[in-house]
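Open the model in your viewer and keep the selection tool at hand. We will go from one residue to the whole chain.

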Amino acid sequence: MASEKPLVAVTCTAPVNIAVIKYWGKRDEELILPINSSLSVTLHQDQLKTTTTAAISKDFTEDRIWLNGREEDVGQPRLQACLREIRRLARKRRSAGDEDLLPLSLSYKVHVASVNNFPTAAGLASSAAGYACLAYTLAQVYGVEGDLSEVARRGSGSACRSLYGGFVEWQMGQRADGKDSVARQVAPELHWPELRVLILVVSAEKKLTGSTVGMQTSVETSPLLRFRAEALVPARMAEMARCVMERDFQAFGQLTMKDSNQFHATCLDTFPPISYLNDTSRCIIHLVHRFNAHHGQTKVAYTFDAGPNAVIFTLDDTMAEFVAAVRHSFPPESNGDKCPASRSRFLKGLPVRPALLSDELKAALGMEPTPGGIKYIIATQVGPGPQVLDDPHAHLLGPDGLPKPAA
């Protein structure tokens, strides 16, 4: 029977990570080696994740991949680099005489299906989650163990940081072959339970300048980027690790904002200049500083990757008030309905209790409300690294190795 094909399928999920000390610029384009180390926070997969199924079968005639339901070109160089690296590691392991290896031919072709539960290519680190998930899932299928930093990194540099939960550093490494350019966990996901993350989605559109092209131009033309990488980042990495270990939110928040601002300054120092922030992004920066000034301390912090969406860090006891401040400054565009459903469309993820803003805080914010400036908010927290889903119903590929029809 056709349905009894010897198909081996594995499904995994992997998280998004947000860098608080940014990676921008490569010293080796081919191996994707960075010009500086970076440090990130892994977000919880209950709110943001990539799910990937990889299947191998002797009946497949070619490698194929589907992203969010659409078949993509499997010949993309970065995808090929990941596949090559995994197959190389699997062959190496087999030649080392590991007996418990799956009795599968390494010549079998692979089918991969991957879906994100958040907007792709909008500056929400979709490639990091995607390639971390791909590397992790392929490793399960091919029986590869050990550090997968190199496999994930070959797809997307920041993907190696999504291989771990909690707080993760990607060490730039010194070696030309990149063997020491690996990710490692600084602290586990439960280390700082009060930390909360709000993603303010300004635009879910695809960005004008992709990260890869932007980085290349910055490396070639920005003196500020070179200065940042060599003179400033090493000390910032050490300081950020200290902030995390000591759960020092004041220092963590300030350094996060300064590093984000400096990353965007290097983008402006690039020639021609790159601007990932838009007017709403700048209003959010203004809002955060006004909010903190009103409280006389750093209670919230922003960071922006290569896109206009803001990622806000705060503590559990401040989240409700800050969400109310965002709602006040960027009220959802109403369709004339005050129903709870429209409220939930604006705020997704972790529940946040409604809070009233004091008149003093409203006055301190000093902003004309911009209706619809923020499309929605995703409330989340620090989360774990990749997971294997044991439920066969979770597979995105059917027994024939093709994507299951969307339910």
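This is a predicted model: local features need pLDDT of at least 70, side-chain atom pairs count only at pLDDT 80 or more; totals for chains, interfaces and linings use all residues.

**Stop 1: around Met 257**

Colour helix α6, where Met 257 lies. Now show what touches this residue. Beyond its neighbours within four places in sequence, Met 257 is in contact with Val 288, His 289, Asn 292, Thr 298, Val 300, Ala 301 and Tyr 302. Met 257 and Ile 312 are 55 residues apart in sequence, yet their C-alpha atoms are 9.7 Å apart in space.

**Stop 2: an aromatic pair**

The whole structure holds 10 aromatic pairs. Select Phe 252 and Phe 313 for one of them: the ring centres are 5.4 Å apart and the planes meet at 85°, so this pair is edge-to-face. Phe 252 belongs to helix α6 (residues 249-269) and Phe 313 to strand β14 (residues 310-315), so the pair ties together parts that are 61 residues apart in sequence.

Check the surface at both rings. Phe 252 has 0% relative accessibility and counts as buried. Phe 313 also stands at 0% and counts as buried.

Phe 167, Trp 192 and Phe 249 join Phe 252 and Phe 313 in a cluster linked by ring pairs.

**Stop 3: a charge over a ring**

Jump to Tyr 376. Lys 348 lies over the face of this ring, 4.7 Å from the ring centre.

**Stop 4: helix α8**

Select residues 316-329, which form helix α8. The helix has 14 residues. From first C-alpha to last, α8 reaches 21 Å, close to the 20 Å expected at 1.5 Å a residue. Which residues of α8 are buried? They are Thr 318, Met 319, Ala 320, Phe 322, Val 323, Ala 324, Ala 325, Val 326 and Ser 329.

**Stop 5: the whole protein**

Zoom out and switch to cartoon. The protein has 10 helices and 17 strands. Its radius of gyration is 22 Å, close to the 22 Å the globule rule gives for 407 residues, so the protein is as compact as a globular protein of that length. Along the principal axes, the C-alpha atoms fill a box of roughly 70 × 50 × 40 Å.

Of the 407 residues, 54% count as buried. Among contacts with a separation of 6 or more, 77% join residues 24 or more positions apart.

Notes. Residues are numbered from 1 along each chain as its sequence is written. Side-chain values use heavy atoms; hydrogens and water are left out. Rings of Phe, Tyr and Trp (its six-membered ring) pair if their centres lie within 6.5 Å; planes under 30 degrees apart count as stacked, over 60 as edge-to-face and the rest as tilted. Helices (H or I, at least four residues) and strands (E, at least two) are DSSP runs, numbered from the N terminus. Buried means under 20% relative accessible area, exposed over 50%, partly exposed in between (1.4 Å probe, protein chains only). A charge sits over a ring if NZ of Lys or CZ of Arg is within 6 Å of the ring centre and within 35 degrees of the ring normal. The expected span of a helix is 1.5 Å times one less than its number of residues. The radius of gyration is taken over C-alpha atoms; the globule rule is 2.2 Å times the number of residues to the power 0.38. Contact means heavy atoms within 4.5 Å.
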